[in-house]
Amino acid sequence: MIDWRACPLSPTLLQRYRYRAGHQSCPSMAGGHLMRRKGAGMEFHEYTPFVPGDDIRRVDWAASARTGEEDAWLVRRFAAEEQTTLLISVDLRPTMSLPQNMPKALIALWLAEALAVAGLQGGDRVVLHRLFGEDRRGPVELKTPDRRRLHAGLRRLNEYRGATRFNMLSLPAFLPPASIWVLISDLYFPRDGQMKHLAQTMCSAQAGLRWLIVVELDTWRHERSLLGKGDLRLEGPEGQNLNNDGPERLFAIDEQQLDQVEARIHGHKQQFHQTTAHAGRDFTNWVWPNDANDPENFFRDQFLGDKLLHRIFMREH
Amino acid sequence: MLMAALGLLGAVLVAVHMAKPRGDRRVISSLHFFDQVPQSVQSMTKLQLANPLFSLPFYVRLALFALILTAFIMRTQTLDQFNQKSMHLWIFVDRSGSMGADYGGRTGMEIIQSTYQGALALVALQGLADVSVGVSLFDLEVALWKTEEQLKTPDGMAQSVLEFAEIQPRALGTQLSLIHEALKNAVDEGKITHVLVLTDQPAPDWLASFEKPLVVWPNPIKQAANTGITRIKPISHPLTGLVTGFELEMTAYGPIAGAVRLRVTNEQGSPLYDEDIAWQDNGRAYAAIPASGPCRLQVELSPGGAYTLDDFAVIDIPQGEKLAVEWRASGNAETWGLTTGPSPQLRVTHGLDDLSQTTPTLVVGSGGFSDTPKRVENFIEGHALLDDLNFDVLEEVAPRGIHTPEGWQPILLDEDGLAWGAIRENPTAAWVPSLPTGRDNRFATTAVLFYNAIRFLIERGPAANLYEQTTVNNPIPEGNRIPLFSDEGNTWRTPRPRYGLAELRPIEGRPTQWPFIWLAAAVCIMVFERIKSASGGLRWR
């Protein structure tokens, strides 16, 4: 469990993000990915305050005048898009609680929050799911943009207590056809039968025209920079060491050793990709910079610059 | 034992800093992938045979260790110093004239003899392992009487008690500042632990400034009434300086039981003065006795009181019908009522640079007068050189003045800035325009200036010595050598002791210098080190 705090992107910014994406389309979409289609009717949904980026043509001047306030423009919102389910699975195992100055779990929860806010503002159904560990209450299902409920759900996700089993039992019920499944992880999970189980789940999801997106949080470059060289005592999350909690080992770290570790990490991730290759999924990689110490700016830059995630909210022609 | 423990602590400190660096700690999420990285070979041993790591933490801990070590060493030394059974006593015995005074049937020396004996007995009875006693006598000087070696054994102490009775007061005064100096020396040397002062003088206030050595001033001598001669002053002729008599000052210390008679006799025993003394309210009395020399006179007070050395005086009245001068001027001394002799009181000369450091010199000018009157331009009002001088006559006479050389001070200047009279301080001299010369106003003017100058110089010359003072080198009264010391005859002082003989024991109690300051500094450094250790991690090692 990390010291969670709310996403640094404001709902207004995320609304702009979604609307900009909603006005874009991607004709070159390949594969059997689900895309939002324009709805049959332009059914009025609600008025919202005008924010920069809104289409000026959607301002309801008469309604705005009735408020009696200058610059208080009201924009008509329409339930035009086809509602979809956005399942966000967040890996919150102990490795995600690092690096200490910019934990992966924090970025993952912010990403989940940002996607959820953007999705809920568009009328999507959002399901927050913890990828590992038992969760007797099941995933958090949200249908309205209620920030209080959203934050409560994120806090629930953050209440992780050590178990490393995949939490897949109730997942099919939240993955109806034409839904989007975003999986956020550092992919450091163990190589055992559970990875196969995840691959099977991903394949069956793909079979139902579900769009799978894997967001990999990659901190190796940062951690390699952090390590440097020389004799080091290495400690993992929650005070783990490699000597089964015995006396600390002292490692002689050099470039060669680091290259070998990097190759092992790469191999581990490759195995995951190979296992899930036939599931068909899109993949985006968020790489921690060497001097990662400003999570807010890092998240802002990564999220707003990630074109794959942007496509979640685009509409198909 | 304690030192061994501290030594072990120091060795551990060095060994800790000979330990190999334990490696920086890194917390990473990819730890799982390091399972195949070999363990550092260096980590197999904990220590390395090398110089300690001379880092800032090492020096901080070294300083901490040094402070603790210093504190305990100081504590040990201080305790040793105060725990050891030792006493180093120095006794100062007053043998000035007043110690021979009669204090109720016993002299001061006899009274302090028993105190001295008691002090030695007290020291001997304590059976101290390390003890030394030394004795000095003092009056106007401090003289060693018994060394520490002489008083080292009980026999030596007993012998000194016997010999103490042989100490005779000297006809000298008392100088307590010598004790002050001796105490300061004892403080500097640091060995003396106790000082015993045996005297008839009360304990002075400055003793409070001496904490160590412990000064015991029992002051066992009680008061006794006394009357005595306290000052003898010659009476001189105002012009010639010749002694025409003497003045006596007498002082009564304590109550005056009855009439005290002053008797002055010549060598033949004939009384020149024989009267009861009329005391003033302040206990003083004065008598002026006319006498013409040369002659030797005896002065006696009867009854004289407890202190006898101030009851008698022998004084010599010097010869002198005429003022004796050393004549170096033109003419001869007799012309002007003067005489020449072997002990001149004045020199008369013409040379402004013919001066003497010992005898005042009168320089007379070459004479001569101006043809026309001259105004007195400036003068020092009331100066002795100008007594009875008529300025109107002087301006008319207008003697020939001079420009005063360096070192001379003009007393009277004419309108041309020339001096008609001048003096100088060192050597003592005076200048006048001429010997008495001319007629009428000229003679009168030059004579007034001439004799005024003589009188001025005679007053500045050495006073006539009617008696000699006993000294350290000549302490025995003989002839006109008398022990006339200020206040020595005051036997009526209120006794003021400081501590008693019971204080002559090894000083016990807490050490005065406890190493708290060192320990406090050590605690500060330790807190600093611990804070840095808690916050600095492996970098602070």
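Analyst: In chain A, strand E7 (residues 180-185) and strand E8 (residues 211-218) run parallel and are joined by six bridges. Strands, like helices, are DSSP runs numbered from the N terminus (at least two residues of E for a strand, at least four of H or I for a helix), and two strands pair if DSSP finds at least two bridges between them. Within this pairing, A:Ser185 stands opposite A:Glu216 of E8.

This is a predicted model, in which local features need pLDDT of at least 70 and side-chain atom pairs pLDDT 80 or more, while totals for chains, interfaces and linings use all residues. Residues are numbered from 1 along each chain as written, chains are lettered from A and ligands numbered from 1 in the order written, and side-chain values use heavy atoms, without hydrogens and water.

Both strands belong to an open, mixed sheet of six strands in chain A, ordered E6-E5-E4-E7-E8-E11. Strand E6 (140-142) and strand E11 (282-287) each have a single partner strand, so one side of each lacks a neighbour in the sheet.

Salt bridges are a further topic; the term denotes a side-chain nitrogen of Lys or Arg within 4 Å of a carboxyl oxygen of Asp or Glu. A:Asp91, A:Arg93, A:Lys104 and A:Asp186 are linked in a network of such bridges. Between A:Asp91 and A:Arg93, the closest N and O atoms are 3.0 Å apart. A:Asp91 is buried, at 0% relative accessible area, and A:Arg93 is buried at 5%; buried means under 20%, exposed over 50%, and partly exposed in between, with a 1.4 Å probe and protein chains only.
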